[in-house]
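Hi,

Here is the structure for you to look over. My notes follow below it.

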Amino acid sequence: LSGKLNGVFDRLRRRGALSEADVSEALREVRIALLEADVALPVVKDIVNKVRERSVGQEVIRSVSPAQQVIKIVNDCLVEALGGGAPGTDGVEHVPGLSLNAAPPVAILMIGLQGSGKTTTSGKIALRLRTRDRKKVLLASLDVQRPAAQLQLETLAKQAGVTSLPIVKGQSPLEIAARAMQVARGELYDVVILDTAGRLSIDEELMAEVAAVKAATKPHESLLVVDAMTGQDAVNTARSFNERVGVTGIVMTRVDGDARGGAALSMRAVTGAPIKLLGAGEKLDALEDFHPDRIAGRILGMGDIVSLVERAAETIDKAEAEKLAAKMQKGQFDLEDYAAQLKQINKMGSLSGILGMLPGIGKLKSQLEGANLDNSILKRQAAIIGSMTPKERRSPEILKASRKRRIALGSGTTVQEVNRLLKQFDDMSVMMKRMNKLGQKGLMRGGLG
Ligand code: GDP
Ligand code: MG
């Protein structure tokens with residue numbers, strides 16, 4: 001047993017830090033992956049810079065390559081960047097991101113380029129709101145550009161089981177919008193979905209028209225609908241719509257295709273608006289909630305590596321914890337180990353992070369959290385241990401008043417703090433002893449026994 005264990009722990013001890021070169025090399029690969037996924041170039045640059053900052057100097061996880069570890073960091077950055085679209089606070093559970101918390105009729109304005117999926121998505125949202133949230137929904141098409149557009153929405157409304165605003169020939173989009181709001185107020189609709197016309201590319205006329213409709217109807221949501229296949233143009237589209245009209249949320253359509261969805265990242269980055277829903281097919285029920293981790297995985301396309309690194313990181317921290325438990329059991333846990341733990345705790349951001357790795361530790365964990373071990377205290381404790389002689393660290397019981405005074409002076413702390421540390425170390429030792437059996441079980445299960 002101990003031979004095998006030592007092997008594991010030697011490897012742990014020899015961990016170094018991720019170097020600039022490691023990170024740069026990995027990031028070349030990542031850059032290409034992101035561009036291939038249609039993430040816009042300026043957004044790729046931002047992500048790469050953020051990852052570089054976060055990676056260099058991080059401790060290397062031995063059982064994976066530095067490149068793999070960087071990819072995991074990229075994944076985490078992507079999830080963060082895509083974040084948002086969390087369940088709404090308005091109690092409308094089934095359309096998580098959609099904010100409908102206003103006096104009815106609540107208007108939702110659908111905007112985006114032609115063919116992005118605005119009309120289809122209008123029908124999908126209507127169906128969802130009607131069936132799951134029991135909302136009374138009115139659909140209105142403001143698309144006077146294409147002759148069949150208003151009929152298309154009428155057909156979708158029938159399929160969704162909601163009403164569409166009667167078509168009146170010759171009205172302008174602004175007139176239709178005003179009529180829709182009037183009907184909605186008069187007939188007590190909960191939600192009015194205003195489906196606007198798109199253009200093949202952004203133009204001034206389109207923007208002015210949409211902005212005017214928005215000013216007149218004061219929609220609670222202005223949803224930018226984008227095709228997941230949109231590549232580098234995504235940034236320009238999003239920026240123009242956001243600057244001229246203002247975007248409160250994004251719907252990405254055609255995620256059922258093979259596009260990797262980099263557009264989502266670009267849109268989110270440029271507008272700051274959360275991605276709220278995904279369109280995953282032509283049918284009306286093909287509407288999905290947005291999960292940042294899924295899209296991040298799809299954009300990066302390196303899911304295997306990410307889960308590999310996650311597993312490796314878990315194993316290592318578990319091995320550290322088990323090492324600690326093993327030392328405790330042999331009565332070998334000393335202040336040297338405590339100092340090493342302090343370092344690890346600092347790295348992980350919290351004590352509970354480490355303890356959480358051990359099975360059945362919930363109660364001890366909360367006790368320790370109650371012990372007020374914040375990070376500044378941990379740093380001072382590390383300084384105190386640093387001022388001890390090796391002998392003192394191995395046998396803290398020899399620490400009497402004069403030694404304590406010397407240590408306090410050397411570490412720029414007080415004798416009280418030294419005492420507090422020793423007390424804490426004692427408490428921890430007691431707890432570690434109680435943890436032993438659990439730790440031991442962990443060792444056996446891990447196949448190391
Ligand atoms: P609009 O011009 O923005 O109103 O776009 P439409 O809603 O008319 O959609 C254009 C085409 O894209 C139609 O053929 C839709 O069936 C199709 N479409 C819309 N959303 C999706 C989607 O999520 N997946 C797939 N595969 N097709 C979609
Ligand atoms: Mg349309």
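**What the model shows**

The protein chain has 449 residues, and 42% of them are buried (20 or more other C-beta atoms within 10 Å of a residue's own, with C-beta atoms placed from the backbone). This is a predicted model: local features need pLDDT of at least 70, side-chain atom pairs count only at pLDDT 80 or more, and totals for chains, interfaces and linings use all residues. Residues are numbered from 1 along each chain as its sequence is written, while chains are lettered from A and ligands numbered from 1 in the order in which they are written.

The chain holds 19 helices and eight strands (DSSP runs numbered from the N terminus: helices are H or I, at least four residues; strands are E, at least two).

Ligand 1 has 18 residues around it (C-beta within 6 Å). Gly117, Lys118, Thr119, Thr120 and Gly279 come nearest. Helix α5 (residues 118-131) gives the largest share of this shell, three residues. By class, the shell has eleven polar, four charged and three nonpolar residues (Asp, Glu, Lys and Arg are charged; Ala, Val, Leu, Ile, Met, Phe, Trp, Tyr, Cys and Pro are nonpolar; the others, Gly among them, are polar).

α5 also packs on helix α6 (residues 149-160), at about 25° and with axes 9 Å apart (lines fitted to C-alpha atoms over the stretch in contact; angles run from 0 to 180 degrees between N-to-C directions). So the two are roughly parallel (angles under 35 degrees). Contact residues (C-beta atoms within 7 Å) include Thr119, Ser122 and Leu127 of α5, and Gln152 and Leu156 of α6. Seven are nonpolar, five polar and one charged in the α5–α6 contact.

Best wishes

Notes:
A residue is buried if 20 or more other C-beta atoms lie within 10 Å of its own, exposed if 12 or fewer, and partly exposed in between; C-beta atoms are placed from the backbone. Angles under 35 degrees count as roughly parallel, over 145 as roughly antiparallel, 65 to 115 as roughly perpendicular and the rest as oblique. Two residues are in contact if their C-beta atoms, placed from the backbone, lie within 7 Å.
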